[in-house]
Amino acid sequence: MTSGKINVTVENIFPLIKKFLYSDHEIFLRELISNATDATLKLKHLTTIGETDVEYGNPIIEVKIDKENKKLHIIDQGLGMTKEEVEKYINQVAFSGAEEFLEKYKDSAKDSGIIGHFGLGFYSAFMVADKVEIFTKSYKGEAAAHWTCDGSPEYTLEACDKADRGTEIVLHIAEDSLEFLEESKIRELLVKYNKFMPVAIKFGTHEEGEGDDKVEVDTIINNPTPAWTKQPSELSDEDYKNFYRELYPTQFEEPLFHIHLNVDYPFNLTGILYFPKLSADLSMQKDKIQLYQNQVFVTDNVEGIVPDFLTMLKGVIDSPDIPLNVSRSYLQADGNVKKISNYITRKVADKLKSLFNENREDFESKWNDIKVVLEYGMLSEEKFYEKATSFALYPTVDGKYYTLEELKEATKDVQTDKDGNLVILYASNKDAQHSYITAAQNKGYQVVLLDSPIVSHLIQKLESENEKMTFTRVDADHINNLIKKEEDTISRLSEDEQKSLQEIVENLVPKDKYTVKLEAMDSADEPFILTQPEFMRRMKEMSQSSGGGGMFGMGNLPEMYNLTINTNSDLASNIINNKDEATRSESIKQAMDLAKLSQGLLKGEELTAFVKRNFNNLK
Ligand SMILES: Nc1ncnc2c1ncn2[C@@H]1O[C@H](COP(=O)(O)OP(=O)(O)OP(=O)(O)O)[C@@H](O)[C@H]1O
């Protein structure tokens with residue numbers, strides 16, 4: 001028997017490990033199963049390259065709870081360790097055997113999927129155990145070894161009579177960590193971290209079959225070959241959908257489509273991303289993208305790794321090239337991570353483009369479910385904006401879908417104003433802006449429906465990228481003024497009459513809310529029209545959706561409206577010709593209320609008074 005001191009510079013490293021190594025104590029199980037997986041895959045590798053002729057067979061890893069004795073066992077059938085190796089790999093903390101193995105078998109081991117490289121994983125066992133034992137027998141056939149350590153730097157190492165190849169780690173669970181002896185807790189951790197690890201993991205048994213045929217079989221908690229580890233050519237649409245269900249068993253909605261990521265140079269990354277149907281409440285997206293390293297779950301916080309606008313997607317990414325245990329700001333500065341993020345953006349854009357090209361009708365039918373993500377991407381990632389010009393869609397209120405180029409082509413003849421600007425008309429709400437939409441359609445204009453929350457920002461961007469093109473909401477002005485053409489209708493009222501009409505109305509409506517304008521329009525057009533100018537409204541919307549105090553301090557701007565009076569309407573003539581001030585005021589009030597009503601602005605007390613007054617008039 002040997003005994004000695006574990007070779008560390010700090011006298012007692014274990015309290016430190018316990019406190020600081022990982023804030024999450026539960027990851028000890030992930031670390032130990034990773035070691036067991038590594039040991040198994042290393043043996044597989046050695047048999048593949050003919051270094052050993054031991055029978056590899058069908059090895060599994062077993063996790064066993066011994067509640068009575070407060071022990072947790074992790075047993076593998078991997079390559080095991082000789083006494084010297086325990087000495088070297090376990091006693092020399094922070095000397096990682098995985099790295100040495102990879103160094104030695106550099107070229108051939110690259111694709112073997114070996115996980116460990118920090119060299120502290122094993123010691124995370126002391127976060128939950130006050131004593132740890134290792135029983136291990138090397139594939140080399142030497143006598144088995146038994147190592148014991150009670151959390152102080154002293155250990156013992158002696159021979160033992162373990163007969164089978166492999167390693168058994170026994171954790172004597174500490175009093176403050178007894179939860180790790182609960183079956184439900186261990187199952188939860190296995191499912192969280194090891195659901196897709198590459199070696200089968202047994203946790204308990206269950207019965208299968210009926211009656212006399214009933215047999216007890218091992219319960220394997222993982223799928224060692226998840227879809228993302230396969231080639232896209234091996235997978236059908238149904239396989240991708242099944243994998244989605246495997247990832248999110250409580251999710252009933254099917255994904256809209258998937259993107260298979262697969263690259264090994266200049267960094268290694270595999271994965272499958274899914275476009276989910278987004279719920280209206282984006283903050284509700286609770287099933288997030290999961291990050292794995294060689295099939296070991298790491299985190300579902302992929303901020304900084306996946307571009308912001310894609311964090312609403314679901315699925316997995318697996319990359320050994322993402323540095324872990326580092327701060328998020330470091331991540332963002334890491335060159336590899338930036339490349340990974342760019343690659344993901346590009347793949348997503350390419351996939352969208354091919355979906356658009358291959359089946360445009362289908363793509364159009366999905367547009368409403370994906371547009372928020374894409375529009376957000378166009379705003380936040382310049383590269384994505386460039387690619388998206390070929391597939392971003394602008395649906396009209398009557399269900400036609402145009403790309404921006406097609407929209408320009410379809411509208412340029414009728415919607416170019418006298419200064420040569422193409423005016424794209426849009427609505428944000430089909431019902432609320434119904435009368436304006438109809439008026440525009442009657443003129444032969446196309447009205448696109450842009451109703452995502454960030455639309456004001458998007459059209460600002462589109463205007464700055466496209467010369468001589470502006471967006472105007474259908475209700476931003478009277479139909480005749482939306483697209484200013486060179487045609488002046490003659491006014492029925494003389495200049496003097498117009499002046500006095502303006503004065504009469506201005507005296508009756510609050511000046512700080514309404515700007516009164518006279519306009520000679522078709523006599524059949526509405527006599528009083530309220531509109532909110534595009535610029536004012538858009539600035540207000542943008543400052544609201546940017547949060548905080550608002551862009552340019554415009555968050556608190558009062559609502560300002562243009563009140564346009566149609567000087568060719570009968571009502572305008574009546575007001576001028578009516579010399580009785582009381583009835584004149586009454587008809588102006590009535591007209592004002594009707595104009596407000598059509599904008600949805602007549603509310604509360606005003607609405608009650610309006611309804612009452614009109615009923616009275618019917619008496
Ligand atoms: N179950 C096991 N079977 C065989 N060797 C093992 C086993 N567990 C640990 N070892 C050996 O001990 C070494 C140290 O393990 P440890 O977990 O501390 O570091 P690592 O796995 O190399 O890196 P990481 O910190 O990323 O886990 C391993 O590299 C391996 O050589």
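1. Lys468 sits in the loop that connects helix H14 (455-465) to strand S19 (469-473), where helices (H or I, at least four residues) and strands (E, at least two) are DSSP runs numbered from the N terminus. The phi of Lys468 is near 55 degrees, a positive value in a residue other than glycine. Lys468 counts as exposed because it has 12 C-beta neighbours inside 10 Å; by the cut-offs used here, a residue is buried if 20 or more other C-beta atoms lie within 10 Å of its own, exposed if 12 or fewer, and partly exposed in between, with C-beta atoms placed from the backbone.

2. Two remarks on the basis of this note belong here. The model is predicted, so that local features need pLDDT of at least 70 and side-chain atom pairs count only at pLDDT 80 or more, whereas totals for chains, interfaces and linings use all residues. Residues are numbered from 1 along each chain as its sequence is written.

3. Asn294 also has a positive phi, of about 45 degrees, although it is not a glycine. Asn294 lies in the loop between strand S12 (290-293) and strand S13 (296-299), and that hairpin has two residues between its strands. Asn294 counts as buried because it has 23 C-beta neighbours inside 10 Å. The flanking strands S12 and S13 pair in the antiparallel sense over three bridges, and Tyr292 has Phe297 of S13 as its bridge partner; strands are said to pair if DSSP finds at least two bridges between them.

4. S12 and S13 belong to an open sheet of five strands, with the order S10-S11-S14-S12-S13 and mixed pairing. S10 and S13 stand at the edges with a single partner strand each, so one side of each is left without a neighbour in the sheet. The twist averages 20 degrees from one strand to the next, with axes taken as lines fitted to C-alpha atoms, for helices over the stretch in contact, and angles running from 0 to 180 degrees between N-to-C directions. Within this sheet, S11 and strand S14 (residues 314-318) run antiparallel and are joined by five bridges, and Gly271 stands opposite Ile317 in S14.

5. The loop between strand S10 (257-263) and strand S11 (269-275) holds Pro266. The peptide bond that leads from Tyr265 to Pro266 is cis, with omega near 5 degrees.

6. Helix H10 deserves a separate look. A straight helix of 21 residues would span 30 Å at 1.5 Å a residue, yet H10 spans only 25 Å between its end C-alpha atoms; the expected span is 1.5 Å times one less than the number of residues. H10 bends by about 65 degrees at Ile370, the bend at a residue being the angle between axes fitted to the seven residues ending there and the seven starting there. The buried residues of H10 include Phe363, Ile370, Val373, Leu374 and Met378, and also Lys371 and Glu375. Among the elements that cover these buried residues are S11, helix H9 (335-358), helix H11 (382-388) and H14.

7. Glu364 lies in helix H10 (residues 360-380) and is partly exposed, with 15 other C-beta atoms within 10 Å. Glu364 touches Leu393 and Tyr401, when residues up to four places away in sequence are not counted; contact here requires C-beta atoms, placed from the backbone, to lie within 7 Å. Glu364 and Ala392, 28 residues apart in sequence, are 9.8 Å apart in space, C-alpha to C-alpha.

8. Three further strands form an open sheet in the order S20-S22-S21, with mixed pairing. Strand S20 (514-519) and strand S21 (528-531) are the edge strands, each pairing on one side only, and the twist averages 25 degrees from one strand to the next. S21 and strand S22 (residues 561-566) pair in the antiparallel sense over four bridges, and Phe528 has Ile565 of S22 as its bridge partner. Helix H16 (residues 495-508) lies across S20 and S22, and runs at about 155 degrees to S20.

9. The largest nonpolar core has 114 residues, of which Ala125, Leu171, Ile272, Tyr426, Ala440 and Val447 touch the most other members. Its largest share, nine residues, comes from helix H2 (residues 27-48). Such a core is a set of buried Ala, Val, Leu, Ile, Met, Phe, Trp, Tyr and Cys residues joined through C-beta atoms within 7 Å. Ala125 touches Phe28, Leu32, Val132, Ile169 and Leu171, not counting residues up to four places away in sequence.

Definitions and conventions: Contact = placed C-beta atoms within 7 Å.
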